[in-house]
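Good morning, and thank you for coming. Please look at the structure on the screen while I take you through its parts.

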Amino acid sequence: MKGKTFLVLVILFVVAAALAIALILNAKKTKYADGTWVGQGASRNGPIEVSLVIKNGKIQSAELVSMQESEYAVPAVTEILRQVVENNGAESYDAVSGATLSSKGTVQAARNALSKASLVW
């Protein structure tokens with residue numbers, strides 16, 4: 001009888017541990033609070049402002065709100081924002097050649113918005 005009780009307790013412990021691990025791993029996948037988050041970054045001619053929409057903890061879309069750069073910087077900004085959505089973050093990115101400061105400013109703005117989404121937790 002004692003052997004069966006011990007076995008049942010071990011099984012319950014293993015199941016509880018597995019559930020706890022699953023919850024922790026799932027929490028890491030949803031690292032941002034849902035909502036629309038706006039962030040600012042600095043570029044050559046002034047600030048860049050972007051907006052990120054987060055749903056179910058993941059970045060659904062990113063768009064340029066405003067900037068003081070020329071229209072030639074728009075493709076670079078658009079490319080960086082595409083990478084932010086694709087990577088679900090702004091930790092790593094490929095800067096656009098010829099638009100390094102616009103790329104960096106856009107990443108800075110995205111990181112600023114994401115820091116706000118992270119603070120809600």
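Which elements do the buried residues of α3 pack against? They pack against the strands β1 (35-43), β2 (46-55) and β3 (58-67), and against the helix α2 (74-87). The buried residues themselves include S102, G105, V107, A110 and L114.

Before I continue, please note that this is a predicted model. The chain averages a pLDDT of 86, and 83% of the residues score at least 70. Confidence is highest in β2, at 97, and lowest in helix α1 (residues 2-29), at a mean of 67. Where pLDDT is low, the predicted coordinates should not be read in detail.

Let us turn to the sheet. Its 3 strands form an open sheet in the order β1-β2-β3, with antiparallel pairing. The edge strands, β1 and β3, each pair on one side only. On average, neighbouring strands of this sheet are turned by 25° against each other, direction ignored. Between β2 and β3 there are 8 bridges, again in the antiparallel sense. On that theme, K55 stands opposite K58 in β3.

Next, the helices that accompany the sheet. Helix α2 packs on the sheet and touches β2 and β3; the direction of α2 makes about 160° with that of β3. Helix α3 lies across β1, β2 and β3, and runs at about 145° to β1.

Finally, I come to the nonpolar interior. In soluble globular proteins, nonpolar side chains tend to be buried together. Here, the largest nonpolar core has 14 residues, and those with the most contacts inside it are I54, V84 and L114. At least two residues of this core come from each of β2, α2 and α3. The most is given by α3, with 5 residues.

What does V84 touch, leaving aside residues up to four places away in sequence? The contacts of V84 are L52, I59, G89, A90 and A110. There is also a second, separate core of 7 residues, among them V50, V77, L81 and A109.

To close, I return to my opening question: the buried residues of α3 pack against β1, β2, β3 and α2. Thank you for your attention.

Definitions and conventions. Residues numbered from 1 in each chain as written. Predicted model: local features only at pLDDT ≥ 70, side-chain atom pairs only at ≥ 80, totals over all residues. Heavy atoms only, no water. Buried < 20%, exposed > 50% of the residue type's maximum accessible area, 1.4 Å probe, protein only. Helix = DSSP H or I, 4+ residues; strand = E, 2+ residues; numbered from the N terminus. Contact = heavy atoms within 4.5 Å. pLDDT = per-residue confidence, 0-100. Pairing = 2+ DSSP bridges. Axes fitted to C-alpha atoms, helices over the stretch in contact; angles between N-to-C directions. Core = buried A, V, L, I, M, F, W, Y, C linked by side-chain atoms within 4.5 Å.
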